[in-house]
Amino acid sequence: MSKQAVGVIGGGAWGTALAQMLASDGRAVRLWAFEAPVVEEVNAQHRNTPYLAGIDLNPGIRATTDLADLADLPMLLVVTPAQHMRRVLAGLPQGEGDLVLCCKGIEEATGELMVDAARAAAPGRPLAVLSGPTFAHEVANGQPTAVTLACESEAQWDRIAPLIWRPAFRPYFSTDIIGAEIGGAVKNVLAIACGVVEGLRLGQNARAALIARGFAEMTRFGLACGAQAETLSGLSGLGDLVLTCSSMSSRNFSLGKALGEGRKAADVLADRATVAEGAFTAPVLQRVAKARGVAMPIVDTVCALLAGQVAAGDAVAALLARPLTAE
Ligand SMILES: NC(=O)c1ccc[n+]([C@@H]2O[C@H](COP(=O)([O-])OP(=O)(O)OC[C@H]3O[C@@H](n4cnc5c(N)ncnc54)[C@H](O)[C@@H]3O)[C@@H](O)[C@H]2O)c1
């Protein structure tokens, strides 16, 4: 008997890599992409040159621009940029299949997590969150990683974990959907800060200190929002933070590096077709943290840098000059 087909909504780097991973056990995968040329190239050439260059895609991946082609599948991974997710999901016909949210961010207009936006846009569908240390190219190449798969219930996990688990892609069970979301959203902002440290050539000690203090911010914010500490110190929190804060493969890190080297955020972002989620998440994260009374000095610094209100060197000096306090 042939395996059940599954779907992926979003034909960027991460959606295409997830489609490749899912197709690796012979499963048919339907991939919705925003751009018609991407759909044509995936179907005719088994390539996605704009977003995942250099990867030969599994022919079991069939792309479409019509969400109705995915509506009846038992599981859909949602991998649009965070700021487009609500609008894209509003175009998905009703169905009962699980939506597994894989985008990382907070919605700018509303301050809502992806799970809240998805619940409003696609009412009635069960929701889960998949997040962890996952650079798209490595996953597409079959290199191993592990992720948090936060589910509404054990029954949902029993339904979707077998559809996702592959020899090189290992999900871990959690029921902390908020925690899994917050780790992924906050680490993108902290990665910009780590990139700034790199751009200013402040050294490895400074980067490690920033990761540790950034993790303290993530934890404070997460706990204030109802996340569990063990989720934040797991794959979707600390695991992803360490990855994104250590590599130029991260778009957020490379954006921060450019800022540290003295470039303006608007110029760096204008040169890119790909999304650096941290740049969108930073101001809304700052807003939500303020409203909840959570101190996030590193996030505040990233916001000031992105807005061009301060030079990178001055921003770091101001962080270091804050009043002494307990760790
Ligand atoms: N790239 C990674 O390694 C990686 C890993 C884990 C999670 N993520 C997350 O996955 C999400 C998607 O990122 P990505 O790296 O696949 O994107 P990407 O930067 O590779 O591609 C941009 C995507 O935006 C889409 N897009 C552009 N304009 C749009 C519009 N108006 N409406 C709908 N879609 C539009 C494009 O079709 C494309 O799919 C992000 O939230 C990101 O944080 C990425």
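From which domains does the shell around the ligand draw at least three residues each? In this predicted model, that shell takes at least three residues from each of domain 1 (6-175) and domain 2 (178-320), the bounds coming from an automatic or database domain assignment. Residues are numbered from 1 along each chain as its sequence is written. Local features need pLDDT of at least 70, side-chain atom pairs count only at pLDDT 80 or more, and totals for chains, interfaces and linings use all residues, while side-chain values use heavy atoms, with hydrogens and water left out.

The ligand is surrounded by 25 residues, of which Ala13, Trp14, Glu35, Val275 and Glu277 are the closest; a residue counts as near when one of its heavy atoms lies within 4 Å of the molecule. By class, the shell comprises twelve nonpolar, eight polar and five charged residues, where Ala, Val, Leu, Ile, Met, Phe, Trp, Tyr, Cys and Pro count as nonpolar, Asp, Glu, Lys and Arg as charged, and the others, Gly among them, as polar. Helix 1 contributes the most to the shell, with three residues, helices being DSSP runs (H or I, at least four residues) numbered from the N terminus.

For Lys104, a polar backbone atom is found 3.0 Å from a ligand oxygen.

Note on methods: A polar contact is a pair of N or O atoms within 3.5 Å; within protein, one must be able to donate a hydrogen and the other to accept it, and residues adjacent in sequence count only if both atoms are side-chain atoms. Helices (H or I, at least four residues) and strands (E, at least two) are DSSP runs, numbered from the N terminus.
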